[in-house]
Amino acid sequence: MLQTRQIGVRFEAQCRAFEKEPFPSLDMRKDRLKRLLALTDKHEAEICAAIDSDFSGRSAQETRLAELFVVRAGIRHAIRHLRGWMRERRVATSLPFLPGRNRLLPQPLGVVGIVSPWNYPFQLAIAPATAALAAGNRVLLKPSELTPKFSDLLARLVEEHFSPDEMSVVVGDADVGKTFVSMPFDHLLFTGSTAVGRQVALAAAANLTPVTLELGGKSPAIFDASCDLDAAVASVAYGKLLNAGQTCIAPDYLMVPQGQGAAIAAKLAAAMARLYPRLRDNPDYTAIVSERHHRRLSEMIAEACEAGADVTEVNPANEKLGVGDRKMAPVLVRNAAENLRLMREEIFGPVLPILEYGTVDDAIEHVNRGERPLALYWFGKNSANRQRMMRETVAGGVTVNDCMMHLVQERQPFGGVGESGMGAYHGEWGFRTFSKEKPIFVQSRLSAGGLLRPPYGRTFERLFRLLNLIG
């Protein structure tokens, strides 16, 4: 109850602060972004340690690369380009309305709510906060209860660098999260599962709060017959095992040409072993975040084994895993029936089904038969096949001949489509997501519009005919 009241108090304080400063200056916005950058730079070691502790084993290098580096790049990009993003823009004016002129003014929305997940707890909290602050908003942030040490640390760091009416962190369990998303925010961004995303959208709808949903889904990786197989295998092995597969845009399953499944599985196993020659005590290899998630993945693998699928565990040192450490060996699965859980649900772990396809038509049909994924990866040199795959499938984003690189492009939007989400952010796209682009028409004193007003008569009819001719 105390936490619930706290959300309301902080929300109201930010609303009142926004009323007093509805259009923060360029200098103020830059100052807030610089403080966010200072938070990132000064506390790198603490952030890495807290996330490592929550996971019971999370590579500091992966946190620095996939979270801190990405956040720094986004903040610096925003600082460099903010003046241009804020500028009132000229928009062409149609001939009948000249010499009046059109303008477009990006205006802050107010108070933005951000609900961030556990898998990349720093990046997926601070990257959207960067966009919201750049756009001139106040930010209230709810991090995941599955990473409690990091969430507590983030609350403390934000409190040190920001006043509560600028940016504030609310920690708490799922019930606190439900209260949070029911607040009448001016915009709400949620990153997490599709199932919870539906609940968030329903709660926001009661307040007519616009939402950006960054969800997930079964993102395919597709090897064309023309691909550089060794390079493609190395890329998928890394993309699948980064953060032990607990990545919303990780390759969820792999499609390979007919007859190549066994050979490619062997190459993948070798590539994974090169990345992680040992697992249990290897600081480079991340653990599964909780016992519940570890159990869910184990049940998926067990179901596949019982159904007769070809299951290969990649455990180069033959270590005993999962007893108190939540480490899980990579698993490759071939010949899995479509009714199995790992073929129907987003896997979100180091388990990779491998499917064989006959023609490009078959691959396209398989992707389109499922829900629209957050990401799609295509590997190959055949430009005609690539063009077909790009045009005839729908996905939130695509990387060609690599994995996940579309995520870190600050000059491109990042977001899902259909079941994998709605809306986008990153770079200017994030600034625009958290702004109201207000159209403004400035009338000229030379306007003839007064001639179209009552009492109507011959002048109106002549001018109206002229408008129809030139309009």
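What is the volume of the second largest pocket? In this predicted model, the second largest pocket has a volume of about 380 Å³. Its lining comprises 21 residues, and those closest to the centre are Ala66, Leu242, Met404, Leu407 and Val408. Two or more lining residues are contributed by each of helix H4 (60–86), helix H5 (123–134) and helix H9 (229–241). Of the elements, H4 gives the most to this lining, with four residues. In terms of residue class, the lining of the second largest pocket consists of 16 nonpolar, four polar and one charged residues.

Two cavities of 30 Å³ or more are found in a search of the whole structure. The largest cavity has a volume of about 120 Å³. It is lined by 14 residues, of which Gly74, Ala127, Thr130, Glu410 and Gly427 are the closest to its centre. H4, H5 and helix H15 (427–433) each supply two or more residues to the lining of this cavity. The largest share, six residues, comes from H4. Nine residues of the lining of the largest cavity are nonpolar, four are polar and one is charged.

Leucine 98 counts as partly exposed because its relative accessibility is 45%.

Charged side chains were considered last, and the count comes to 29 salt bridges. One of these joins the side chains of glutamate 44 and arginine 72, with an N to O distance of 2.5 Å. The pair links distant parts of the chain, since glutamate 44 belongs to helix H3 (residues 44–55) and arginine 72 to helix H4, 28 residues apart. With a relative accessible area of 22%, glutamate 44 is partly exposed, whereas arginine 72, at 14%, is buried.

A further salt bridge, at 2.7 Å from N to O, is made by the side chains of glutamate 419 and arginine 198. Glutamate 419 is placed in the loop between strand S14 (397–400) and strand S15 (421–422) and arginine 198 in helix H8 (residues 194–205), so the pair ties together parts that are 221 residues apart in sequence. Glutamate 419 is partly exposed at 25% relative accessibility, and arginine 198 is partly exposed at 49%.

Arginine 388 likewise forms a salt bridge with aspartate 361, their closest N and O atoms being 2.6 Å apart. Because arginine 388 lies in helix H14 (residues 383–392) and aspartate 361 in helix H13 (residues 360–369), this pair ties together parts 27 residues apart in sequence. Arginine 388 has a relative accessibility of 29% and counts as partly exposed; aspartate 361 is partly exposed as well, with a relative accessible area of 43%. Elsewhere, salt bridges that share partners join Glu21, Asp31, Arg32, Arg35, Arg138, Asp165 and Glu166 into one network.

Terms used: Residues numbered from 1 in each chain as written. Predicted model: local features only at pLDDT ≥ 70, side-chain atom pairs only at ≥ 80, totals over all residues. Heavy atoms only, no water. 1 Å grid on protein atoms, 1.4 Å probe; cavity = no way out; pocket = protein on both sides within 12 Å on 5 of 7 lines; lining within 4 Å. Points joined across faces, edges and corners; volume = space filled by probe spheres on them. Nonpolar A, V, L, I, M, F, W, Y, C, P; charged D, E, K, R; others polar. Buried < 20%, exposed > 50% of the residue type's maximum accessible area, 1.4 Å probe, protein only. Salt bridge = Lys/Arg side-chain N within 4 Å of Asp/Glu carboxyl O.
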